[in-house]
Amino acid sequence: MATPAAAPHGGDNPYGLMAALEQGGTIAWATFIILVVMSAASWYIMFTKLLEQQKILNQAKRVRSSFWGTPSLKDGAAKLEKNSAYRQIVDDGLRAQEEHTKLTDPIDQHDWLLGSLSRSQQAVNSKLGNGLAVLATVGSTAPFIGLFGTVIGIYRALIKIGAAGQASIDAVAGPVGEALIMTALGLAVAVPAVLGYNWLIRRNKVVAEQLAAFSTDIHGYMVSNGAVKPALISAKPAAPVAAKPATKA
């Protein structure tokens, strides 16, 4: 009587990821390594850009609450972080105001300041956009890289069928499993990259709108010699005092 074959242990699974990579050879390993590198790069970019965006959003809150309460732009700039996006816009505006008086053929101060503030704002937006092209590339190409591994797995399955002369489960299970694993890996890399790209683009738009509003306020303040500036965030209003009842004569 034949003894039934013992069930494979967890580490000896012939249809797991490592077994599929070993059966696939160099092409399977190369595809897997490329997908791992793409995934690591996309997650790194998502976390770093998220922290960078959150830092600027926190700076916007401090600007609204304290910057405009100072007597001058220089005093307000001193309250901002040295390397902050808002500090850069203020410093560029003050520098442009000083440089305008040095022009041998001066143009209108309004246009000169507007152009300088716009360049400063665009520089910040450009920095925020760095790395997003990598996420877009990963999101669009990772499924095809996984599909390449899928095609190789199916090709190996067909070769085994031709060599064996029949389509037995034992002959094609390994290569077909390898093909499905590569497809799943490609999707697992692409989906987070696409979602992260769309989310970061939306947050960049919010940051750009806040920077544009601040740049407009700085421009209005400078061309009006401080007469025009946004209203400060008012403190919490005091509770109304109840009216005293009228007394009889």
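Predicted model: local features only at pLDDT ≥ 70, side-chain atom pairs only at ≥ 80, totals over all residues.
Biologist: Which helices each supply at least two residues of the lining of the largest pocket?

Modeller: The largest pocket has a volume of about 210 Å³. Its lining includes Glu52, Asn83, Gln88 and Lys127, and divides into five nonpolar, four polar and three charged residues. The helices that each give at least two lining residues are H1 (17-66), H3 (85-100) and H4 (109-129).

Biologist: Which element gives the largest share of the lining of the second largest pocket?

Modeller: The second largest pocket holds about 170 Å³ of space. Eleven residues line this pocket, and the closest to its centre are Val63, Arg64, Trp68, Phe214 and Asp217. The largest share, four residues, comes from H6.

Biologist: How do the residues lining the second largest pocket divide by class, and what is the count of nonpolar ones?

Modeller: The lining has one polar and two charged residues. The nonpolar residues in this lining number eight.

Biologist: Is Phe67 buried or exposed?

Modeller: Phe67 lies in the loop between H1 and helix H2 (73-78), and its partner Phe214 lies in helix H6, 147 residues apart. Their rings form an edge-to-face pair, 5.4 Å centre to centre with 65° between the planes. The relative accessible area of Phe67 is 2%. Because buried means under 20%, Phe67 is buried.

Biologist: Which residues form one aromatic cluster with Phe67 and Phe214?

Modeller: Phe214, at 4% relative accessibility, counts as buried. The cluster contains Phe67 and Phe214.

Biologist: Why is the pair of Trp29 and Phe32 edge-to-face?

Modeller: Trp29 and Phe32 both lie in helix H1, three residues apart, about one turn of the helix. Their ring centres are 6.2 Å apart. Planes over 60 degrees apart count as edge-to-face, so the pair is assigned to that class by its angle of 85°.

Biologist: Is Ser42 buried or exposed, and which residues does Ser42 touch, not counting those up to four places away in sequence?

Modeller: Ser42 lies in helix H1. With a relative accessibility of 1%, Ser42 counts as buried. Beyond four places in sequence, Ser42 touches Leu135, Val138 and Ala193.

Biologist: What separates the C-alpha atoms of Ala136 and Ala193?

Modeller: Ala136 is placed in helix H5 (residues 132-164) and is partly exposed, at 33% relative accessible area. Ala136 and Ala193 are 57 residues apart along the chain, and their C-alpha atoms are separated by 7.1 Å.

Key:
Residues numbered from 1 in each chain as written. Heavy atoms only, no water. 1 Å grid on protein atoms, 1.4 Å probe; cavity = no way out; pocket = protein on both sides within 12 Å on 5 of 7 lines; lining within 4 Å. Points joined across faces, edges and corners; volume = space filled by probe spheres on them. Nonpolar A, V, L, I, M, F, W, Y, C, P; charged D, E, K, R; others polar. Buried < 20%, exposed > 50% of the residue type's maximum accessible area, 1.4 Å probe, protein only. Contact = heavy atoms within 4.5 Å. Phe/Tyr/Trp six-rings, centres within 6.5 Å; stacked < 30°, edge-to-face > 60°.
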